[in-house]
Amino acid sequence: MNWISIGDISEIPLRGARCVKTPQGKIAVFRTAENEVFAIEDHCPHKGGPLSQGIVHAKAVTCPLHNWVISLETGKALGADEGEVRTIPVRNEDGALYIALESLLMAAE
Amino acid sequence: MTEKLVIIGNGMAPGRMLEHLFEKAPDQYQVTIFNAEPRVNYDRIMLSPVLSGEKEYEEIIIHGDGWYIKHGITLYKGHKIIKIDRAAKTVTSDHGVTESYDKLVIATGSVPFIIPVPGNDLRGVITYRDLDDVQAMLLAAQSREKAIVIGGGLLGLEAAAGLASRGMDVTVLHVMPTLMERQLDPAAGYLLQKAVEERGIKVITKANTKAIIGNGKVEGIELDDGRIIPATLVVMAVGIRPSVGLAKDAGIAVNRGIVVDDGMQTSDGSIMALGECAEVGGMVYGLVAPLYEMARVAASHLSGDRSAAFVHSDTPTKLKVTGIELFSLGDFADGDDREEIVLRDASAGVYKRLVLKDNKIIGTVLYGETADGAWFNDLKKKQTDIKEMRETLIFGQAYQGGSPLDPMAAVAALPDDAEICGCNGVCKGKITSTITSKGLTSLDDVRAHTKASASCGSCTGLVEKLMTLTLGDSYNPTAVQPMCTCTELGHDDVRRLIKAKGLKSIPAVMQELEWKTSCGCAKCRPALNYYLVCDWPDEYADDYQSRFINERVHANIQKDGTYSVVPRMWGGVTNSNELRAIADVVDKFEIPMVKVTGGQRIDLLGIEKEDLPAVWADLGKAGFVSGQAYAKGLRTVKTCVGSDWCRFGTQDSTGLGIRIEKFMWGSWTPAKLKMAVSGCPRNCAEATCKDIGVICVDSGFEIHFAGAAGLDIKGTEVLGLVKTEDDALEHIVALTQMYREQARYLERIYKWAKRVGLDEIRHQIMGDAGKRKAYYERFVFSQKFAQVDPWSERVSGKDKHEFKPMATIGYPQAAE
């Protein structure tokens, strides 16, 4: 597992998100009202909407395209919808954020 | 093997028949329907509420398009069958479609009776039968002129009440001495006439129409006695005739209706008939309950169960005019072998009459208070001997057995087999047991599962009482719809409490109003943010994280995650410099799509989020600001060229539109606000379907509001006429502020206006100068904080984080 630095927690607004670009697609990094950080694929399981642009509430985000609600913890759609996105491990060291990417992805380096 | 079932007609009876059939034998038939009307199956009983504006067409649809698809039904909309070939077993439509059948069901319904007088074919003479008739009446009602309804029966009175509530001056002509004489005795007919006249409807009884007069279109009616009554619309509602022509031409036995046996079988073994066109046991029917009974019987026979048989039963009549309570059942003519019990309460406008024979109820007329109708119906149906309760019978069920009981107890005391919903034949036991077994908690659920209260809706009160009885306090029929699952409070309560408690931040609202979630959801947060922006313009700090992405980045997100950008073009006016700047931006950023919008400006589509600030910087240099095409706020003010150029222009509509847009841009509103100014009543700027519109006339400015041209289509209402441009601006601004302060988030102005009432809005804005000025001042104050161009703010660095990735990783260095 490679931990890659992506920046400081203060760069993400509370109840907000930023995206991280990788060769295999974008990753959405979220900061909740409780200061927890989560990362998931920036791609709604429904129609591929950019989840990083959604409204963040509790440990979930509402997709901006069609209002699916995705759990930040599990990556699964909540409520009546069914679908799932990949979650990405995040480490928070006193505000310095790292995400873990699989070796396959890193091979591009 | 599946057989081919073809149905001619798509009304309520065949619709119900198919529901039963799919339940009993889902795969037995391949179904094809020919509907002469170009639409799906809707609840014809509810046309009167649509006419009066209490319901929308969408609310009365019984089977949406999805239902036909789900059941694999081929529905030919707008196809009228012109021929049945019994030998070949085929039917042919007026568009030339021929279908073969194994079983044919004729459900052609009925046609309205047209009285044979001169002029009955003039333009402006219509009947009252289907949605097209209602739409014709609504169109005619816009003139606010005089209308005549011929026929003082159920349908005629509902039409008259609907037209009157739409602002027409209505006269009802009735040939008999009292209204609804087939359902009411003269005393109740008299009370009804008084109630109808109190609504401003004139009633002329014993009125024989001699001729409908007019040249090309209706101008009035001449009566036998020589009186002439002017009108621009004549509605004939004098009765219906079974529609039997098609069956007759095919050689099927026809009397008044298409003759069927009690299994709905016609004289041809492969053909059935049901609904208003069918005659069974010498009777034809027009009320829905017996028609639904026919549907049940027909479905049984189609599924192979030949034991079902149609049995005649009396159906109670109710009038669907809000505020008039009327119930009639059975036989109420006088007779030597009959007795009657009558109760009158003149001050309360109540009249009740029971007709008895051998100590049994055979007829009931209730006027003014009809709650006991179901109970009397039950006593009559069961032929209960009423000797023991004769003294108190007329006072109703609550008075039986000593002390008066509460209304709940009356419903509780009904036996399980008492009929609650007459239209659909649903009894009490079925409703209460379904509530329990399916765990139903809302009226809509009960309607969906039992059909009770799902047709004419007049038993809704009873059904709600049953729900309260079954569910206890957990059912509260008047409960407001909560904003979302985070709170029990509705939008109106939240707005009121924000003001009353002086709540000035989202956490304060959630804490004080006891939100059930830690930080709300995507439904309540944008709503709260708007309410706080509106109520505390100087003190509240806008919470961008509670705004939808479009309002956060000031552009419109597209399906592929790119954005579109629409710069403001004041009043739809532009020039060569602006166009050149747009062209340069398109070239520089390789913008793939440039589109003219419906709001008279230009949309640039397919821009990457990261490019937005640079695009805005270039547009800003040419003087462009954000068009806020993404906002729940002021969008555009469309204009026509007005008196500066147009031969017909009466005022400077372009100038006024620009002035309004420059005054109001930047303001947040509950939902989007689109406006237009037309320079003359030809209305080239299409101002009469806008949220707010202005029609310029010689004498000033007619201000319109509450139009819609989206999901709903609705012409505007007139707010009033003002003399000067200054007045127009003040009235429009005050109206907008009233809407900003009162509406629920995402509620367009036409929905808000319908809720609070047009008269109240006119009163406050046109009639009360003090209120108007105060609204105006509050709007002006809030604009001090709202009129900041969001694009130039972001070009200068605000919210930088929104427009670039946090990090870019995993790419080979060389590629950078």
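**Notebook: chains A and B of a predicted model**

**Entry 1. Chain A.** I read chain A along its sequence and noted the pattern β-β-β-β-β-β-β-β-β-β-α. This comes to one helix and 10 strands; helices (H or I, at least four residues) and strands (E, at least two) are DSSP runs, numbered from the N terminus. I recorded that the model is predicted, that local features need pLDDT of at least 70, that side-chain atom pairs count only at pLDDT 80 or more, and that totals for chains, interfaces and linings use all residues. Residues are numbered from 1 along each chain as its sequence is written, while chains are lettered from A and ligands numbered from 1 in the order in which they are written.

I then looked up burial. Of the 109 residues in chain A, 42% are buried; a residue is buried if 20 or more other C-beta atoms lie within 10 Å of its own, exposed if 12 or fewer, and partly exposed in between, with C-beta atoms placed from the backbone. Among contacts in chain A with a separation of 6 or more, 41% join residues 24 or more positions apart; two residues are in contact if their C-beta atoms lie within 7 Å.

**Entry 2. Where chain A touches chain B.** I found 32 residues from chain A and 23 residues from chain B in the contact. On the side of chain A, β1 (2-8), β2 (16-22), β5 (55-57) and α1 (103-106) each supply at least two residues. The largest share, six residues, comes from β2(A). I sorted this side of chain A into 19 nonpolar, eight polar and five charged residues; Ala, Val, Leu, Ile, Met, Phe, Trp, Tyr, Cys and Pro count as nonpolar, Asp, Glu, Lys and Arg as charged, and the others, Gly among them, as polar.

I also noted that β2(A) pairs in the parallel sense with strand β42 (residues 807-808) of chain B over two bridges; strands pair if DSSP finds at least two bridges between them. Thr808(B) in β42(B) is the bridge partner of Lys21(A).

**Entry 3. Cores.** I turned to the largest nonpolar core, which has 135 residues, and found that Ile106(B), Val234(B), Val235(B), Leu274(B) and Ala298(B) touch the most other members. Such a core is a set of buried Ala, Val, Leu, Ile, Met, Phe, Trp, Tyr and Cys residues joined through C-beta atoms within 7 Å. Helix α8 (residues 288-302) of chain B gives the largest share of this core, nine residues. The core lies between domain 1 (3-110 + 242-302) and domain 2 (125-238) of chain B, because both give residues to it; the domain bounds come from an automatic or database domain assignment. I listed a second, separate core of 74 residues, including Val20(A) and Phe548(B).

Entry 4. I followed strand β6 (residues 81-85) to strand β7 (residues 90-93), which run antiparallel and are joined by four bridges. Ile81(B) has Ser93(B) as its bridge partner. Lys89(B) counts as partly exposed because it has 18 C-beta neighbours inside 10 Å.

I next saw three bridges joining β7(B) to strand β8 (residues 98-100), again antiparallel, with Thr90(B) opposite Ser100(B). This hairpin also has four residues between its strands, and Gly96(B) in the turn has a positive phi of about 90°.
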